[in-house]
Amino acid sequence: MLSILFEALTGSRAFLKSRSFSPLCRHSHHLCSRKLPNERSSVEEMGPADGDHLAASFNLSDFTVIREGEAEILMHVGNEVFYNKSQINNRDMSIAVLRTFISKRKQEHEAMLLRRKKPGPKVAEETAVDPEAIIMDSTTHNEKSNVHCEVAQEISQDEPCSISGDPAAHQEGKCRAELKPPRVLEALSASGLRALRYAREVDGIGQVVALDKDNACVEACRRNIKFNGSVACSKVESHLADARVYMLTHPKEFDVVDLDRYGSPSVFLDSAVQSVVDGGILMCTATDMAVLCGNSGEVCYSKYGSYPLRGKYCHEMALRIVLSCIEVTPERKTLLVFALHCKQNHRVLIAVFISLSDLSLNLESFEMQSHANRYKRYIVPVLSVHMDFYVRVFVRIYTSAGAMKNTPLKLSYVYQCTGCDSFHLQPIGRTVSKNSSVRYLPGFGPVVDQECSDCGKNYNMGGPIWSAPINDLEWINSILADIKSMKNRYPAFDRISAVLTSISEELPDVPLFLSLHSLSATLKCTSPSAVIFRSAVINAGYRISGSHVNPLALKTDAPMDVIWDIMRCWVKNHPVKAQPPDQAGSVILAKEPVLQANFTRAAASVSKAQAKKVARFLPNPERHWGPKVRAGRHITSKHISLLGADAVNEHETGDEPPSKRNKTGESDPS
Ligand SMILES: C[S@@+](CC[C@H](N)C(=O)[O-])C[C@H]1O[C@@H](n2cnc3c(N)ncnc32)[C@H](O)[C@@H]1O
Ligand SMILES: [Zn+2]
């Protein structure tokens with residue numbers, strides 16, 4: 001450890017590069033000078049001439065070929081490297097986002113060139129951004145988006161130029177009109193399947209760097225690069241590296257950073273955010289749904305800096321916790337950043353990861369000024385999706401000290417009643433506008449009384465969560481149109497189009513949702529149909545939609561007292577048996593409704609996709625579709641908590657049952 005630390009402190013990037021390359025793949029394209037066929041469906045199809053080249057380095061009969069999209073990987077019979085076929089949805093969705101990103105980036109670049117040509121007033125970087133505009137309409141960012149551009153020779157490679165905030169002021173004369181193909185970092189690549197699909201399937205993509213810290217994975221990835229032929233060889237390179245160190249030592253170098261971890265991505269977020277260029281995109285998966293959905297709130301807090309709640313909306317809350325974490329990156333406590341070297345005012349940052357507890361060091365002593373860059377970065381989500389057994393978010397990353405002030409406006413705590421389904425959001429910050437100036441102040445609070453005004457029970461408090469929009473509808477519609485125009489290039493087309501259709505109909509500015517079944521369970525009444533309930537909400541003057549995370553979800557801007565009035569009116573026509581008076585349902589029903597609900601069917605009570613019978617939710621293609629434990633692994637309760645009991649239910653567990661470990665003791669309102 002100490003020698004690594006010494007090398008890192010005294011060396012430069014060469015240190016990392018020398019550790020990252022083995023002679024086998026210093027430049028993968030050199031090894032691929034012999035022509036390989038682009039299309040193979042099985043090893044048997046390879047003639048001896050094709051096989052020789054690969055067979056020289058390994059025995060082909062030990063492998064089976066897995067094809068996904070236009071890429072193929074060789075899977076060793078021993079299955080040493082992570083591969084999960086159910087992640088096809090994840091990879092297809094990412095390809096769809098990548099295609100849209102490339103086209104938007106091009107449009108933004110063209111718009112930037114046009115702005116540069118037109119003489120006009122200059123905008124100062126610190127100009128206050130309208131926080132309302134940021135919160136309500138994330139598309140504003142796209143209009144004045146930061147398109148990174150090719151760096152002129154004299155500018156250090158360590159700090160690619162950004163036109164964040166004021167393109168004209170920063171970049172006049174420094175950026176070329178040419179837009180380079182986007183560089184992609186697949187930070188946790190395993191077999192390299194994802195990196196290979198990106199390289200082979202996404203037109204206009206640049207270099208794809210695939211990292212893994214595991215030797216077997218890097219070997220497999222390099223084999224797979226060769227196996228996929230010349231395009232893959234020229235575009236994809238594989239490095240043996242710890243992704244965190246690599247990303248910290250390549251600040252603002254990648255247009256796309258993809259974090260696809262088995263488990264929590266939290267330890268990678270800090271470095272990943274720094275590795276993305278301004279206007280670039282971070283794609284991030286989290287599969288630790290048990291943690292994010294409240295099975296062990298304290299673990300979630302330590303990883304993500306947010307407390308989860310166990311409501312029906314927990315999967316959406318999980319998305320919002322991950323987003324909030326990316327914006328505020330609490331994991332910086334585990335890393336030290338040394339600003340070692342100044343060259344033409346551009347700092348080269350060398351990062352070393354040390355467990356603070358190992359060294360018994362005091363956290364405060366590492367709060368160094370070199371964090372300044374990170375503090376100026378902020379995110380704009382374009383797509384946030386819960387699919388299968390994980391959440392995945394796609395966020396643009398920008399730098400602006402001015403816009404950073406808006407962060408507290410985009411975060412909220414959540415009060416969730418322990419007795420009924422009511423929840424309330426408590427924003428962390430607010431603004432006061434006077435004339436043309438904006439003041440940033442702490443949020444007003446508390447937004448709720450000590451006891452629930454509907455049922456009299458207490459609240460649990462969760463969060464903070466990202467409470468600004470999590471999807472950009474313009475992006476979602478572009479992605480949908482794009483995938484429909486090339487259906488046959490998406491093996492998971494049906495699934496991803498169903499999810500995107502569902503997202504396209506969600507109310508974008510309403511965080512979390514209610515469940516009709518839970519409302520009815522609280523009152524112990526028969527449930528109204530979704531159409532009847534939606535109609536009553538619409539007839540009362542409010543908006544309502546579904547959510548892609550749950551077919552029974554109801555997103556609405558109607559306040560909780562209106563919701564309960566509608567349910568009280570429903571129960572008047574559908575009476576319930578008397579319940580003990582202290583039950584939440586009895587307390588709610590003891591009050592007379594203020595609003596007289598109108599259950600007449602409203603035209604908008606059925607979504608457009610529903611009306612056209614377009615699929616919004618699809619069943620899994622096979623039983624136990626989801627995460628798999630690596631072959632030969634001993635199954636523990638950790639696997640169950642990460643993967644869910646379903647995924648491991650055919651295996652014997654090695655330790656205590658999950659029910660004992662996961663019990664929080666708190667009541668679950670759902
Ligand atoms: C879930 S797999 C990646 C799957 C891949 N993205 C795909 O789509 O097929 C996660 C990989 O991350 C690697 N990994 C975990 N921690 C890492 C780190 N600190 N640096 C680099 N790789 C890491 C593991 O070795 C594993 O191969
Ligand atoms: Zn309540």
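Two strands are taken as paired if DSSP finds at least two bridges between them; strands (E, at least two residues) and helices (H or I, at least four) are DSSP runs numbered from the N terminus. The model is predicted, with pLDDT of at least 70 needed for local features and 80 or more for side-chain atom pairs to count, while totals for chains, interfaces and linings use all residues. Residues are numbered from 1 along each chain as its sequence is written, and chains are lettered from A and ligands numbered from 1 in the order in which they are written.

Begin with strand β3 (residues 184-186), which runs parallel to β4 and is joined to it by three bridges. L185 has V209 in β4 as its bridge partner.

Next, select ligand 1. Of the 20 residues around it (C-beta atom, placed from the backbone, within 6 Å), L188, A190, K213, A243 and D260 come nearest. The elements giving two or more residues to this shell are α9 (193-201), β4 (208-212) and α12 (243-248).

Finally, move to strand β12 (residues 411-417), which runs antiparallel to β16 and is joined to it by six bridges. Y415 stands opposite M461 in β16. Strand β16 (residues 459-466) is largely enclosed by the rest of the structure, because six of its eight residues are buried (20 or more other C-beta atoms, placed from the backbone, within 10 Å of the residue's own).

Terms used. Buried ≥ 20, exposed ≤ 12 C-beta atoms within 10 Å, placed from the backbone.
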